[in-house]
Amino acid sequence: MFFLQILVNGLVVSIQVALLATSLHLIHRVAKTYLLSLSAVLVLAAYGTHVLLQLNLPLLLAMLGGIAVSALFNWLSFFLLKAYIEKDQDLLGLLVSLALGLGMEAILAMAFGSKAIFLIDTVLPTYEWAGIIITQVGFWTLICGVVIGLAAFISLHLLPLGRAIRAVQQHGECATLVGIQERKVQWMVFGVAGAMAGLMGILTSMNTALTPHAGFDFIILAFAAVLVGGVKDLRGILLGSFLLVLTPELLTSFEVAGVSISYSWYLAIVFAVATLVLLLKPQGILSLSIRKS
Amino acid sequence: MNKVFSLAVLSALLMSCAVTESAGLDLSETVKLGVIAPMSGDAAAFGEEQKHVLDYAVAQKNSEGGVQYELVYEDGQCNGPEAVTAFQKLVDVDGVDFILGGLCSSESLAIAPLLESSGVIAMSSLSSSPELANVSPNFISFSYSDSAVGIGIADELKQFETVAIITEQNDYNTALTDVVVAELEGAGVEIVYNEEFEKGETQFRSMIQELKAAGADAILFNPNLGVSAESLVRQMAEVSEWQPHLVGGIVLKMPSIIEIAPEFLEGSVAIDVDTLESPAFMAIYDEINADYGNTTNIGSFYVGATLDAFLVMTELIEEFEGNTEEMKTALRSRTFSVNTGEIFFGDQTFSQSNSTSRFVIQSGRAVKSNQ
């Protein structure tokens, strides 16, 4: 039962990282750059929700408002990064997006202060089943993660939208020649990715606490998950997210060969796992199956 | 000519590197007092409340006429590197020779080695890490040492057979845990779980399950005030049918922590210095809270300690016209009659005279109880 409880706790965090990693992946597909400013997007959505809650809006409406703010900020990011994307200057785009994210976090810190905000004032209500406890926010995080993950997978592989994204990813100019509007696809993906990151930020902030720099740890984990999973493979990225979160979660909760590993080693374990996977599978964790197909 | 010029420059440089001492101030001009405290970050509540007290103190002092004082606040962010930056700015840019701070032990530990060479005297009112003991002849603290609180907490925990410990990784909390562990091991109490977490951590659910599985009779609850303490209480309270016996320091008796989950914390015990309750002091305390801002998190003792630091500093500045060497001698040899009692430092960092009290959380409040 203890093992299952730790697994459930780890799955909630894994889903959070997977959502953010999926956003990074989608943007990389159409823009060939890693939008590290997503770290600011997720806290911006949470602060937007907080402001709307202070104005006594119902929770769902406040969340929708927060998600809208995050999508808008991501569109702004696209507008600012367009020039680098067009010239295939992906490294410069990455650096500019990092600066944009850090700048937005600094603005949020000035506006709201560094003190933590709890979106839900009270102790979180929980569901309990067979001795396993999960907060209601955690439960809905799992549900959202599964739904969005399935939707992303289906869209990318089965729907015309997915074909359009893959076409833009492979060659934007040729895609335009066959009637796919590259710019429109990019705008849409940035908006959707921003909304996903925003939703993740709101759920995470509800489940723990909101501070201006809370997104930074998650973007590092999500970025590592993208590298571990293989930049172009969504399945690998999702698997990488679970691997990078569940491994330290389990190692720090149980004794391994009589040795108890402290929680302060969490990030060290994440990067050790990432390094090991990349040494063994430099193209990504599922790269072998990609080559075969 | 070039040789002479070079020698002159070299001499000037060497002289500027010599140990400095404030030889005296012109007290007809406003005297600047530096303040290093966390004005942002998790511990900002402490810094803001201390500011309320100091603003009151300087206003009262200046209204008496005589020497005028100005407080120069710098944000130490409750961490060493920022405290050093704050110190350098105060000393090199603002030209202060007297500092009220650091507030946090990590701030004081960082600036203490710099004081003697800079000729600066620092007096803290809240720093309490035992590592500050004899750290610098230019540093004293009006707080108690965590050794006293640690011993008090350990005395509370000795009545149990098994104890679990959860500690935030910062100077104050780890020093407190070290004292408690040493006492408990000496008393033969079994420590079944001992975990540290990073400063500012907010995800505790797996750690809490481990804590629960350890099945200890009591838990040393040792985060610092801020997001970690609040998150920990919230997430512990989520676990149904589990009400562990928590024992902690000042954080556990803070209203901002108790109000998160008062039923969950019912019966928890906090060990802290005694409150100051004399009518004369309470009048000052109420005036500060009414006119300058809330001080309920730092509590009456630390309000008193902050006022004491300000009073002693200004008294010595005026008596010795800012001569720091003479001020140091007086600081080490005199007994001061102040809000927190009769204070004598001798060659120690901490006053010899503070004692702790036991507070039990009852009906959402920390109530003094020596049972």
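How much area is buried between chain A and chain B? About 2200 Å² is buried, and carbon and sulfur atoms give 53% of that; buried area is the accessible area (1.4 Å probe) that two parts lose on being put together, summed over both.

This is a predicted model, in which local features need pLDDT of at least 70, side-chain atom pairs count only at pLDDT 80 or more, and totals for chains, interfaces and linings use all residues. Residues are numbered from 1 along each chain as its sequence is written, chains are lettered from A in the order in which they are written, and side-chain values use heavy atoms, with hydrogens and water left out.

Select the contact (heavy atoms within 4.5 Å): chain A brings 30 residues and chain B brings 26.

Now show Lys115(A) and Glu230(B). Their side chains form a salt bridge at 3.8 Å, N to O; the term requires a side-chain nitrogen of Lys or Arg within 4 Å of a carboxyl oxygen of Asp or Glu. The count between the two chains is 1 salt bridge.

A cavity is a set of points on a 1 Å grid over the protein atoms alone where a 1.4 Å probe fits but cannot get out, and lining residues have an atom within 4 Å of a point. Of its 14 lining residues, those closest to the centre include Phe118(A) and Arg234(B).

Terms used
1 Å grid on protein atoms, 1.4 Å probe; cavity = no way out; pocket = protein on both sides within 12 Å on 5 of 7 lines; lining within 4 Å.
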